[in-house]
Amino acid sequence: MGENGSGKSTLLRMIAGVERPDDGEVTVSAAGGVGYLSQTLDLPGDHTVQQAIDAALAELRALERGIQEAAEAQDMDRYGELLTAFEARGGYEADARVDKAMHGLGLAQIERSRVLSSLSGGEQARLGLACVLAASPEILLLDEPTNHLDEAAMTWLEDRLREHKGTVVTVSHDRIFLDRVATAILEVEGGTMTRFGGGYTGFLAEKAAARLRWEQAHADWQEEIRQVKEFAATTAHRVAVGRAMKDNNKMAYDRNAGRVQSSVASRVRQAQERLRRLEEDPVPRPPRPLRFRGAFAPAGARTGTLVRLDRLRIAAGDRLLIHGPNGAGKSTLLAAIAAEAGERAGYLPQEVTFDPDKTVIETYGGEAAALMATGLFPPEALELKVGALSVGQQRRLALAMLLAGEHDLLLLDEPTNHLSLTLVEELEQALDGYGGALVVVTHDRALRRRFTGTEISLSGGYVC
């Protein structure tokens with residue numbers, strides 16, 4: 001897991017041997033082979049579907065030929081070795097696995113003689129996945145395998161991976177997929193990796209616990225600073241205050257007073273040094289939870305119409321989820337609603353466009369402190385040119401700008417795209433607490449299952 005540009009795909013390519021690391025070594029031990037699925041099918045467009053399948057099964061086909069050659073040469077040692085490897089890889093069931101994978105991923109109707117260039121991008125992606133699964137290597141390396149899959153195909157894939165007898169390393173933003181398949185989570189962030197046990201549920205629990213520890217550490221730091229300041233200002237000076245002079249011995253009294261003053265000065269210096277160290281090494285305040293703001297009326301008073309567009313009426317406080325197949329017009333509808341609603345609406349389009357030559361803080365248009373308080377950008381990123389940001393960072397900037405305004409209506413087109421899953425969870429919590437009207441277009445299964453409101457189906461540009 002991790003944001004776009006954090007290095008997830010690079011990590012998979014290094015494990016697969018497709019890319020070499022700049023430093024260090026990658027050691028892979030897999031007698032049963034390694035299968036790698038990139039986000040694109042890396043084969044010439046004039047190859048056929050059958051050639052793609054044959055390329056995926058090349059190792060098994062080579063084992064099969066080797067078994068036959070060893071048998072003909074009566075080399076029983078080599079024959080037994082190759083046969084053991086072939087059976088361990090399920091070589092006899094390879095063609096049956098191809099048929100199962102093609103059917104499970106919605107490709108059963110595709111003729112094996114078709115050239116790859118005649119397939120859609122989604123069909124090519126699913127064919128690549130079917131091929132690597134059919135090869136059944138010991139280690140499966142899958143980069144965003146749920147892309148281009150419908151609900152039935154995703155369920156089939158999840159079941160297939162849960163049955164896999166080897167190791168699966170997958171990059172995914174699909175939370176339901178991770179919850180069903182992953183036994184451990186590796187979060188890639190800032191060039192480092194953190195491992196979380198217990199699958200996605202364990203990851204969320206540990207993240208929540210880490211947030212509580214951070215809040216407690218910040219509170220402890222603040223309290224210690226308060227105590228040290230109070231000690232330096234008052235407590236250190238209360239040494240032998242008001243003590244009476246004994247036996248009218250002024251010399252002894254003055255001598256003792258000098259020791260007292262020296263002790264006071266020493267304690268004050270120690271307190272000041274401790275304060276300096278605390279302030280030089282602060283525990284920053286955790287980012288505030290994301291919150292969408294608006295000037296909407298209380299729940300019982302939300303009766304006004306915000307937008308009326310053809311057959312669609314959006315009232316104050318409505319929560320609408322728009323779904324439909326690709327090309328149905330969902331994004332077009334959201335853009336039309338945004339144009340009709342005007343400044344009352346906060347609109348997050350699926351593709352955001354910024355001036356690449358402006359800095360992050362210039363594009364944001366608000367106070368640096370307000371942007372940093374969201375936790376979406378660190379201080380050192382504020383002066384970066386927007387054109388140098390990753391897609392995920394640009395998405396964060398668009399979200400920050402939306403959070404900065406006040407809106408009676410939020411229009412969100414695929415809001416979870418390109419965001420880290422930690423941020424996606426925070427975004428969902430913010431939407432739960434938003435009091436205005438909300439219209440969402442999303443393919444995110446977890447968001448759709450969690451959504452409470454009215455679902456609207458769109459087909460051919462019309463509301464069904």
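Colleague: How should I read strand β10, and is it enclosed or open?

Modeller: In a regular strand the side chains alternate between the two faces of the sheet. Here 5 of the 5 residues of strand β10 (residues 409–413) are buried, so the strand is largely enclosed by the rest of the structure. Buried means under 20% relative accessible area, exposed means over 50%, and partly exposed lies in between, with a 1.4 Å probe and protein chains only. Leu409, Leu411 and Asp413 are buried on one side of β10, and Leu410 and Leu412 are buried on the other, so that both faces are covered. The strands and helices are DSSP runs numbered from the N terminus, a helix being H or I with at least four residues and a strand being E with at least two.

Modeller: Please keep in mind that this is a predicted model, in which local features need pLDDT of at least 70 and side-chain atom pairs count only at pLDDT 80 or more, while totals for chains, interfaces and linings use all residues. Residues are numbered from 1 along each chain as its sequence is written, and side-chain values use heavy atoms, with hydrogens and water left out.

Colleague: Which strands are joined to β10 by bridges?

Modeller: Two strands pair if DSSP finds at least two bridges between them. Strand β9 (residues 345–348) runs parallel to β10 and is joined to it by 4 bridges, with Ala345 standing opposite Leu409. Strand β11 (residues 437–441) is also parallel to β10, with 5 bridges between them, and there Ala437 is the bridge partner of Leu409. Between β10 and β11 the chain passes through helix α15 (residues 421–432), in a β-α-β crossover that is right-handed; that is, with the strands pointing away from the viewer, the path from the first strand over the helix to the second runs clockwise.

Colleague: What should I look for in a nonpolar core, and which residues have the most contacts inside the largest one?

Modeller: In soluble globular proteins, nonpolar side chains tend to be buried together. A nonpolar core is a set of buried Ala, Val, Leu, Ile, Met, Phe, Trp, Tyr and Cys residues joined through side-chain atoms within 4.5 Å. The largest one here has 78 residues, and those with the most contacts inside it are Leu127, Leu129, Phe292, Phe377 and Leu399. Helix α6 (residues 121–135) gives the most to this core, with 8 residues. Apart from this core lies another, of 21 residues, among them Leu306, Ala437, Ile456 and Leu458.

Colleague: How many salt bridges does the structure hold, and how do I read one?

Modeller: Side chains of opposite charge can pair when their charged atoms come close. A salt bridge is a side-chain nitrogen of Lys or Arg within 4 Å of a carboxyl oxygen of Asp or Glu, and the structure holds 25 of them. In one, Asp174 and Arg445 have their closest N and O atoms 3.0 Å apart. Asp174 lies in the loop between β3 (167–171) and α8, and Arg445 in helix α16 (residues 445–450), so the pair ties together parts that are 271 residues apart in sequence. Both Asp174 and Arg445 are buried.

Colleague: What about Glu280 and Arg276, and how far apart are they in helix α10?

Modeller: Glu280 and Arg276 form a salt bridge with their closest N and O atoms 2.7 Å apart. They are 4 residues apart in helix α10 (residues 250–280), and are therefore separated by about one helical turn. Glu280 counts as exposed because its relative accessibility is 57%, whereas Arg276, at 37%, is partly exposed.
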